[in-house]
Structures are given as C-alpha cells and as structure tokens.
Amino acid sequence: MSGEKQKYDVAIIGAGFCGTLVAVNLAMSGIPLRVALIERNRVHGRGLAYGTGDYKHLLNVRADQMGAFPWDIGHFYRWVTANAASLTAANLGKPDPGAYLPRRVYGEYIQALLKESLRQNPRMELLHDQVVRVVPNAGGVYFITGKNGLEAAAKSVVLAPGNFPPAAQAQNAPWYKNDAYSPDTLRELAEPGDVLIIGSGLTSLDVLATLEHTKKDGHIHVLSRRGLFPQVHQKHAASAPFLDANHLPATTRELVRQVRGQIRQAEEQGTDWRPVIDSMRPFHALIWRNLPRNEQRRFLRHVQGLWDTHRHRCAPEIMQVKARLEQEGRLTCHQGRIQNLNPESGAVEIIYQPRRLMQPRKIRVSKILNCTGPQSNYQKLGDPLIRQLLADDLLAPDPLNMGICTDHQGTVQNARGLAIPRLYTLGSNRRGGLYESIAVPELRAQAAEVARQILSHHQYETHPT
Ligand SMILES: Cc1cc2nc3c(=O)[nH]c(=O)nc-3n(C[C@H](O)[C@H](O)[C@H](O)COP(=O)(O)OP(=O)(O)OC[C@H]3O[C@@H](n4cnc5c(N)ncnc54)[C@H](O)[C@@H]3O)c2cc1C
C-alpha cells in the first residue's frame, strides 16, 4: 500500500486478548469510530495464550470467573454453556462453573465477541501486518507503518503487543528453542531424543501436557533454580480481605509478616492459604505502589518466585500430568543454575550447579526449550516497533525493567515522565506500575478503562465543552 494513508480514529496494535477487548469495548459504546485492529499473525482475537491448538492447554482461572467484562465476570461461562459445539469438539459435556476449560475454547469466545463487534460497528476493520513504526505528526495524528506495506493514520493508538519471548540463552542453535507455543517447536520436542525444559512455570506445564501424548521416545528433564512449580487450585470458600487500603505494609518484610500471620490463622481455623492470597487481589496495585522502590526490588529478589507460584496456580489436571510423567519415569525435575551449554554433534551438554550441592552436574539432550518467562526489559528487545518508540522517546522502560511507564489509566509516558497524548497501552507491560497485570481479571478492567479514555477524547473533540 502506498500514497494516501487510510485514516482511523483509533489504531490498535496487536489483536490478542487486550487489543481485541479494547475494540470490543469501543464497539459496545455504539459510537461508530473508525477502528483499525492490526495483527501480525493470521488470526485476530486469540494471541499467544488462546491461540493454542492443543485442547490439553487449560485455563488457570475457573470458567465462571473468566468473563471478558469487569461488570459481568460470568459472561464466558454463560457463553460456553450456550455454545455447546465449542465443547463437543474438545470432547467435553456441559461444564461445571468451577471447571478449568481449554484455552482454545476461550479463544473461540474472544473471536465470537469480535465478530459481534464487527456487526455492531461496521467501521471497524481487521488489518494484517506487523507494525514497525508509530510516529506522531504535528497535526496530532499518528502515522503507522507496517512491515508489509500498511500505511495508516490514527488519532489514538493502543499498544497491545503482549509478551515478548524469553531472553535467548543461545543464538541460532538448532538444538535451542524459545517459542514454546510454536507447533514446529512442539513437534521437534516430540521427536526421539532427550529434551530439557528450562523453567518450571505454567508454560513448562503446558509443554508437559502436550509431550505426555506426543513424545514416545526420550526422557524429559525440567531444570529451574528453585524447583518451584505453580501451586494447584482447590475449592475453598472466599475469605474476607484482611488488608486495609489506608494502612498497607510499607516494607516487604511487613507484607510477608502480615500474609504469613493470616495464613497461620486460616490454618488454625481449618481453612487454607488460598483464600488468604485471593483476598488480596483488589489490593495488589495499591500494595505495590505503596512499597518504596528499594522494597519493590527486595520483593522481586526474595518473594517474587513464591508469590507468583501461589498467586498464579494451575488446574489440578495439569499437575496430575507432571505426577504421571514422573511416576512413569519419563520426567526428571532438577533444581539448579546453568553454568554452561556445550554443543556436541547432534546434541548439547548442560552443566548446571545443583541447588545446595557443591559438585556441578551434567545433562545431555538433543533439544532445549527455554520457558523462563517473557523478556520484560524493553531495552533488550529487538522488536522494531519497540526500538523505534524508545529511540523517539515515545515510551520509557520502567525503573525495574518490568515493562514500560504509564499513568494510572494506561497512557504511555516517556523518559521525562510526560504523558504521550492518546498513546495507550495495557497488558503485561504495565507490571512495573501494577505488579499484577497478567491475568484476565486485571486485563479486562484495563481494556474497559482504555476504551473509556479513547471515548472521552472523542466525545470532547466532537462536542468540546
Ligand atoms: C500461555 C499463557 C496462558 C495463559 N493463561 C491464562 C489463563 O488461563 N487465565 C488468565 O486469566 N490469564 C492467562 N494468561 C494471561 C493473559 O490472559 C494472557 O497473557 C492475555 O492473553 C494477554 O493478552 P495480550 O493481548 O496482552 O497478549 P496476546 O494475547 O499475546 O496478544 C498480543 C498480540 O499482539 C500481536 N502483536 C505484537 N506485536 C505486534 C505488532 N508490532 N504488530 C501487529 N501485531 C502485533 C501478537 O501477534 C499477538 O497476537 C495466560 C498467558 C499465557 C502466555
């Protein structure tokens, strides 16, 4: 495409959960904005998490909590019970409200919402390209350029790029993979030969769920520093919040002390730690912002691993996969730190320092998959759009390198702390300011808020007061 740029009120870059939900919220307003929803991959409305083709990859939030709107969290459950076909394909009957359903089904739900939005707002367009440049011009409009020829202009831009791949531990090596959800990677891991998965979080559990059925020959190793796997969900009655928004802990030590105390009390009363952790959800961002920077660093160093595995739990079915693989002698989990990766002919030798042991150990495998979590240090990203926005001072890494700086409503800020007018973002790149900015319950609220901001600008431009 060249010459005249297509003009839009809003360009949304990335059509995974976040970008799509901003578009859906805009359409629901009934205001016929010209919206471009731009996605580099083939499919709009799924993104990384809900684009998986494997029905064994499950949601880690119960069905009745996964509605796409903060004012209607039961929406997904009602949709899924009314759309039995999506479950029949997964060999499932009518689900329990507390079921952990396949993420692929959730992707169908988001796509159904998008389809309805296109009907509500015929001025919305789905575009395919990888956006590589976003540049504001003097007239207050952003020029948007795609790798494959897209040229567009928009008054407001929403950055919704999702997670970036983990930091590479080896470059261009045929035995090294860091894209856990690529069908090619999963196929290669299933080939005969031993494999190593680095990291023991939700992604590595997904990979185990796939390999349990596809890998017929070869041992699976999982190596992580502390061997912390996600905890498992269990049914419990909710407990009342114990935190008071006016008296939040100002140090990590105090926070840990209060949480431990509550868990001890819960256990004495015959309940469990899970409702205690869950009761903190409305306070996450407030607690995080209340901690001074050095205390936030302390939290990341000492508490993050434990917190994340207790906060982001997995479906019981998923942990059963791990237990089965171990019982069958197909999986070994190691704790330690990698010292060296030595390529050999057709294989790689991993030397690692086991936790609390003196002598290094070796594992020899034919493939390594890095599941250590997304790269969140924006200064280290190779993504052309992010590099351009950083170079033009249109965004800034947050001080803890957990994403980028924004205000409380999701407007992007530059390195001088100035809000960039009508440039919004949402998703995991807001972790520096919110800490918890990963799961649907937080993201659906952000999507509604970004849409609200865009609409209020539009209304002001149309009817200035
Ligand atoms: C594997 C996994 C499982 C999860 N499971 C759950 C769960 O069960 N429950 C829960 O509450 N949360 C879950 N989450 C967390 C959260 O719901 C998801 O991460 C959520 O989908 C994030 O949405 P997003 O739009 O930010 O990113 P994504 O959904 O990944 O979407 C980003 C999109 O942007 C596109 N894109 C990026 N850059 C460009 C560009 N320059 N130009 C054009 N397009 C671009 C990408 O191709 C992608 O489609 C999970 C996350 C992951 C990674």
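Student: Where is Thr406 placed?
Tutor: In this predicted model, Thr406 sits in the loop between α14 and β14.

Student: Is Thr406 buried or exposed?
Tutor: Thr406 has a relative accessible area of 18%. Buried means under 20%, so Thr406 counts as buried.

Student: Which side chain does the side chain of Thr406 make a polar contact with?
Tutor: The partner is the side chain of Arg430, and the distance is 3.2 Å.

Student: What is the phi of Asp393 like?
Tutor: Asp393 has a phi near 55°, which is positive even though the residue is not a glycine. Asp393 belongs to the loop between α14 (384-391) and β14 (411-413), where Thr406 is also placed. As background, most residues other than glycine have a negative phi.

Student: And what about the phi of Arg356?
Tutor: Arg356 is not a glycine either, and its phi is positive, about 65°. Arg356 is found in the loop between β11 (347-354) and β12 (361-365).

Student: Is Arg356 buried or exposed?
Tutor: Its relative accessibility is 72%. The cut-off for exposed is over 50%, so Arg356 counts as exposed.

Student: You mentioned β11 and β12. What is the strand order in the open sheet of seven strands?
Tutor: The order is β7-β13-β8-β9-β10-β11-β12, and the pairing is mixed. The edge strands are β7 (176-177) and β12, each of which pairs on one side only.

Student: How many bridges are there between β10 and β11?
Tutor: Strand β10 (residues 331-344) pairs with β11 over eight bridges, in the antiparallel sense. To find one of these pairs in the structure, look for Ile338, whose bridge partner in β11 is Tyr352.

Student: Which way do side chains point in a strand?
Tutor: In a regular strand, they alternate between the two faces of the sheet.

Student: Which strand is Leu223 in?
Tutor: Leu223 belongs to strand β9 (residues 220-224). With a relative accessible area of 1%, Leu223 is buried.

Student: How far is Leu223 from Arg452?
Tutor: Their C-alpha atoms are separated by 44 Å, and the two residues are 229 residues apart along the chain.

Student: New topic: the hairpin. What lies between β4 and β5?
Tutor: Five residues lie between these two strands of the hairpin. In the turn, Gly140 has a positive phi of about 75°.

Student: How do β4 and β5 run, and how many bridges join them?
Tutor: Strand β4 (residues 131-136) and strand β5 (residues 142-146) run antiparallel, joined by five bridges.

Student: Now the ligand. How many residues surround it, and which are the closest?
Tutor: There are 33 residues around the ligand, and the closest are Cys18, Glu39, Tyr50, Asn60 and Val440. By class, the shell has 21 nonpolar, eight polar and four charged residues.

Student: How much of the ligand does the protein cover?
Tutor: On its own the ligand has 980 Å² of accessible area, and the protein covers 93% of that.

Student: Which elements give two or more residues to the shell?
Tutor: They are α1 (17-28), β2 (35-39), α2 (47-50) and α16 (440-462). The element that gives the most is α2, with four residues.

Student: Why is α1 described as largely enclosed?
Tutor: Eleven of its twelve residues are buried, so α1 is largely enclosed by the rest of the structure. Among the buried residues are Phe17 and Cys18. Just after α1, Gly30 takes a positive phi of about 80°.

Student: What span should α1 have?
Tutor: At 1.5 Å a residue, its twelve residues should span 16 Å, and this agrees with the 16 Å between its end C-alpha atoms.

Student: And what about the span of α5?
Tutor: Helix α5 (residues 103-120) has 18 residues, which should span 26 Å; its end C-alpha atoms are 26 Å apart, in agreement. Buried residues in α5 include Tyr106, Ile110 and Leu113. In general, an α-helix has 3.6 residues a turn, so residues three or four places apart point the same way.

Definitions and conventions
Residues are numbered from 1 along each chain as its sequence is written. This is a predicted model: local features need pLDDT of at least 70, side-chain atom pairs count only at pLDDT 80 or more; totals for chains, interfaces and linings use all residues. Side-chain values use heavy atoms; hydrogens and water are left out. A residue is near a molecule or strand if one of its heavy atoms lies within 4 Å of it. Accessible areas come from the Shrake-Rupley method with a 1.4 Å probe; for residues, only the protein chains shown count as cover. Ala, Val, Leu, Ile, Met, Phe, Trp, Tyr, Cys and Pro count as nonpolar, Asp, Glu, Lys and Arg as charged, and the others, Gly among them, as polar. Two strands pair if DSSP finds at least two bridges between them. The expected span of a helix is 1.5 Å times one less than its number of residues. Buried means under 20% relative accessible area, exposed over 50%, partly exposed in between (1.4 Å probe, protein chains only). A polar contact is a pair of N or O atoms within 3.5 Å; within protein, one must be able to donate a hydrogen and the other to accept it, and residues adjacent in sequence count only if both atoms are side-chain atoms.
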